[in-house]
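Thanks for coming. I will show one model and then talk through two of its features.

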Amino acid sequence: MASEEQCSVPPRWRSVSLTHVEYAADDLTGQVLACTSLLPVAILVGFVTLIVFKRELHTISFFGGLVLNEVVNWLLKCIFREPRPCEGAHATLNTEYGMPSSHAQFIWFFVVYFFLFLYLRMHQTNNARCVELLWRHVLSIFLLSVALSVSYSRVYLLYHSWSQVIYGGVAGSIIGVVWFFITQEVLTPLFPKIAAWPVSEFFLVRDTSLIPNILWFEYTVTRAEARNRQRKLGTKLQ
């Protein structure tokens, strides 16, 4: 419990600006876009969750690309040193520089990489060809709308100018393409060796790069194993 002396001379407090997004009061659109601009944080949390529970090397590589993308963004901001629009409009900012937009660069890296993964990495393995293509197209349209929404939110909320957002999107897209092909052509051939390392076996790190559609594979294997165990349980009960 705070003492009276501490309360009489309150310290200067600062908020954790990582998730601190400001919008104009009584602006419903701004409130929605402020929540939308937090999607990169949700994506990062999702990646950490996937890595902890799946421990798949391609997912780890994807996450490594996101981290590299953020490092490049920080370097570009230090090089260009272009201030944000409407300087002083927001009380808490990670950095005073706005060129390029880190949110735009992050979300476009993620979306472009995911596009390439969806159409080049995942292949058809069952007979539901039309359904398979349909859900890919629907997911692609959804991801594109998310990227556009996050990008627009940064301009609407006066965190970035259009040029800062566009350059961020271009930088993220280029890095996404480059990192995808580095992962496919350079890192993927090394995944079997990495998965065989004692430390990888200890932490149950796995390589699924030779499985075309990991979702379908996990579904069929899990269903077959569940039915097998159910039959064994039924036999014991009889």
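I will take a pocket and then a pair of helices. This is a predicted model, where local features need pLDDT of at least 70, side-chain atom pairs count only at pLDDT 80 or more, and totals for chains, interfaces and linings use all residues. Residues are numbered from 1 along each chain as its sequence is written, and side-chain values use heavy atoms, without hydrogens and water.

The pocket comes first. A pocket, on a 1 Å grid over the protein atoms alone, is an open set of points with protein on both sides within 12 Å along at least five of seven lines, and lining residues have an atom within 4 Å of a point. Of its 30 lining residues, L50, T59, F62, F114 and F117 are the closest to the centre. α5 gives the most to this lining, with seven residues; helices here are DSSP runs of H or I, at least four residues, numbered from the N terminus.

Now the helix pair. The axes of α4 and α5, lines fitted to C-alpha atoms over the stretch in contact, come within 10 Å and cross at roughly 150°. The two are therefore roughly antiparallel, a label for angles over 145 degrees between N-to-C directions, on a range from 0 to 180. Contact means heavy atoms within 4.5 Å, and the residues making it include F62 and L66 of α4 and F114 and F117 of α5.

Conventions:
1 Å grid on protein atoms, 1.4 Å probe; cavity = no way out; pocket = protein on both sides within 12 Å on 5 of 7 lines; lining within 4 Å. Parallel < 35°, antiparallel > 145°, perpendicular 65-115°, else oblique.
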